[in-house]
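Colleague: Please take a close look at the pockets of this model, at what lines them and at the elements that contribute.

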Amino acid sequence: MVYLNGEFVPKHNAYVHVMDRGFLFGDGVYEVIPVYSGKIFRLDEHLKRLQNSLHSVQINNPYSTQQWHQILHQLLDYSSTSNQSLYLQISRGADVCRKHSFDTLTPTVFIESNPLTPKTKPELETGYRAISQADFRWQRCDIKSTSLLANIMYAQHAKQHQVEEVILHRDQQITEGATSNVFIVKDDTLFTHPTSEHILSGITRDLVLESARYCQLSIQETAFSLADLLSADEVWLSSSTREIMPIIDVDGHSINHGILGKYWSQVYDYYQDLKHA
Ligand code: PDD
């Protein structure tokens with residue numbers, strides 16, 4: 001079952017209008033929210049970011065926080081899988097003709113949930129590979145927009161090169177991954193790009209920082225270069241679906257001689273505790 005505009009319907013019966021601006025322009029915003037043991041993880045933080053995205057593009061939030069809670073929980077009731085990934089998107093809605101500017105329309109709300117199988121610790125411990133590319137996305141990456149053509153190009157590039165992620169750099173500084181935030185550890189300090197219009201402020205990013213603080217790792221929300229990343233002791237990616245993933249090779253260069261550093265495991269363990277708290 002999926003949720004579409006006030007109704008729970010089987011996915012094969014869920015259709016949107018051909019004039020929907022989500023279809024014509026990618027004119028919409030979205031969230032991906034993990035569910036662990038049937039509990040929606042950090043829902044209020046995701047709803048807050050959703051509200052920020054909606055506000056930035058002038059789409060009215062169709063529901064109150066309480067209504068969102070109710071709808072999402074009702075959708076989860078249709079599934080028996082305890083770990084899931086909720087996908088929700090709101091497009092501006094269907095217009096009568098295609099034009100770039102807009103009038104007030106009725107937003108289209110679509111929500112689905114899929115089983116989520118995070119990688120196990122032994123799997124993660126094998127380490128993952130990434131490649132770097134220039135960040136050619138727009139200047140409002142803080143909006144979680146459904147217009148994802150650049151991210152799709154990066155994801156396909158990663159797939160074709162059989163690596164986990166493309167790590168992006170703009171003006172000599174690492175911004176984030178195509179679908180994740182990026183961290184490095186150097187000399188017992190954790191670095192990540194500060195929140196700005198050049199990155200998506202990840203909910204997992206905040207949790208990584210919270211976990212790192214608990215592990216007494218000092219934190220600097222400061223941008224760093226590709227050279228810094230290649231000479232780092234540890235490189236991690238974070239996202240709601242990947243959680244915290246160690247990277248041991250970027251552009252064919254081994255990170256820390258391909259050996260996982262000591263902090264990833266501690267931060268990962270604390271994150272697992274937060275998930276089940
Ligand atoms: N993407 N940066 C970008 C560009 C992302 O697309 C994502 C997540 C993140 C991490 O955000 P969070 O920790 O809130 O998941 C950072 C999701 C998972 C996606 O598009 O499917």
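Modeller: Helices (H or I, at least four residues) and strands (E, at least two) are DSSP runs numbered from the N terminus. By that count, I199 sits in the loop between β11 (189-192) and α6. This is a predicted model, in which local features need pLDDT of at least 70 and side-chain atom pairs count only at pLDDT 80 or more, while totals for chains, interfaces and linings use all residues. Residues are numbered from 1 along each chain as its sequence is written, and side-chain values use heavy atoms, with hydrogens and water left out.

I199 is buried, at a relative accessible area of 1%; buried means under 20% and exposed over 50%, with a 1.4 Å probe and protein chains only. Its C-alpha atom is separated by 24 Å from that of I40, 159 residues away along the chain.

Now the pockets. On a 1 Å grid over the protein atoms alone, a pocket is an open set of points where a 1.4 Å probe fits, with protein on both sides within 12 Å along at least five of seven lines; lining residues have an atom within 4 Å of a point.

In α5, the buried residues are A150, N151, Y154 and A158. Down the helix axis they fall within an arc of 100° (from the directions of the C-beta atoms), so they line one face of α5. L149, I152, K159 and Q160 are exposed on the other side of α5.

The second largest pocket has a volume of about 250 Å³. Of its 13 lining residues, E45, K48, R49, N52 and S201 are the closest to its centre. α2 gives the most to this lining, with six residues, and the lining divides into three nonpolar, four polar and six charged. The second largest pocket also lies between domain 1 and domain 2, because both give residues to its lining.

Note on methods. Grid points are joined across faces, edges and corners, and a volume is the space filled by probe spheres set on the points. Ala, Val, Leu, Ile, Met, Phe, Trp, Tyr, Cys and Pro count as nonpolar, Asp, Glu, Lys and Arg as charged, and the others, Gly among them, as polar. Domain bounds come from an automatic or database domain assignment.
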